[in-house]
Amino acid sequence: MSPLEIEIVAFIAGAFLLYWPYVWCWYRKESLDSYGLVWNFNKKDTVQTIILSVVLLALLTPISIIWPGSNAPHMRSFEFVLKMGASGLAAAVIEETFFRGWLQTLFRRRFSAIPSIIMVNMIFAPIHLIAHPNPMSLLTFFPGLVMGALREKYNNIFPAMIFHLLGNLWAIWFYPSAF
């Protein structure tokens with residue numbers, strides 16, 4: 001496939017993942033709020049999420065610096081960081097809408113919280129192999145667990161989006177070869 005064809009496929013896939021949960025709710029006449037798809041900005045929840053994100057990413061940073069083949073910290077151009085940051089924001093919104101908003105809610109209707117979160121991430125992590133066919137992409141399973149727990153705790157995808165975005169920005173800095 002040409003680069004343009006890849007971009008078109010990625011755009012269509014992203015649009016599907018973003019809009020399908022809303023179409024589902026509209027068609028079934030279900031509340032968007034029941035899927036956590038109404039972004040409820042709550043200052044306390046947001047601050048807690050940012051603190052959790054900073055703590056977890058701070059714990060991962062020394063591991064990333066000494067990881068074999070790593071030469072952190074990385075210096076990237078402003079254009080690169082801006083482009084990848086925008087991509088990281090789009091991924092956070094799209095993926096959290098689909099996986100934590102829609103899919104986790106569907107699983108949660110049949111199973112308890114922990115199995116639901118695990119099952120969603122067993123789908124979420126391998127999906128990353130499509131864009132980045134590197135086994136390290138499967139490590140997205142672990143932050144996915146945190147995002148699932150945030151969705152469960154706050155009954156809203158907004159905190160999971162914040163964590164996802166901050167994790168993406170961190171990954172862009174420490175693992176730019178994956179982007």
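What follows is a short walk through the fold, the core and a few individual residues of this chain.

The model is predicted, and local features were kept at pLDDT of at least 70, side-chain atom pairs only at pLDDT 80 or more, while totals for chains, interfaces and linings use all residues. Residues are numbered from 1 along each chain as its sequence is written, and side-chain values use heavy atoms, with hydrogens and water left out.

On the secondary-structure side, there are six helices and zero strands, and the order from the N terminus is simply α-α-α-α-α-α. Here helices (H or I, at least four residues) and strands (E, at least two) are DSSP runs, numbered from the N terminus. The chain is as compact as a globular protein of its length, because its radius of gyration of 17 Å is close to the 16 Å that the globule rule gives for 179 residues. That radius is taken over C-alpha atoms, and the rule itself is 2.2 Å times the number of residues to the power 0.38. Along the principal axes, the C-alpha trace spans about 50 × 40 × 30 Å.

Of the 179 residues, 39% are buried, where buried means under 20% relative accessible area, exposed over 50%, and partly exposed in between (1.4 Å probe, protein chains only). As for charge, the 12 positive and 9 negative ones have mean positions 9 Å apart. For that count, Lys and Arg are positive and Asp and Glu negative, with His and the chain ends not counted; each charge is placed at NZ of Lys, CZ of Arg, CG of Asp or CD of Glu.

Now for the inside. A nonpolar core is a set of buried Ala, Val, Leu, Ile, Met, Phe, Trp, Tyr and Cys residues joined through side-chain atoms within 4.5 Å. The largest one has 22 residues, and the members touching the most others are Tyr35, Phe99, Trp102 and Leu103. At least two residues each come from α1 (3-28), α3 (78-108), α4 (113-131), α5 (141-154) and α6 (158-174), with α3 giving the most, at seven residues. Leaving aside residues up to four places away in sequence, Tyr35 touches a list of neighbours including Trp24, Trp102, Leu106, Arg151 and Ile157.

His128 sits in α4 and counts as buried at 15% relative accessibility. Its C-alpha is 9.4 Å from that of Leu139, eleven residues apart in sequence, and, sequence neighbours up to four places away excluded, His128 touches Glu95, Ser137 and Thr140. Ala171, in α6, is also buried, with a relative accessible area of 16%; between Ala171 and Leu57 there are 9.5 Å, C-alpha to C-alpha, and a sequence gap of 114 residues.

Lys29, in the loop between α1 and α2 (43-66), has a phi near 55°, a positive value in a residue other than glycine, and is exposed at 75% relative accessible area. Asn155, in the loop between α5 and α6, also has a positive phi near 55°, but is partly exposed, with a relative accessible area of 44%.

Definitions and conventions:
Contact means heavy atoms within 4.5 Å.
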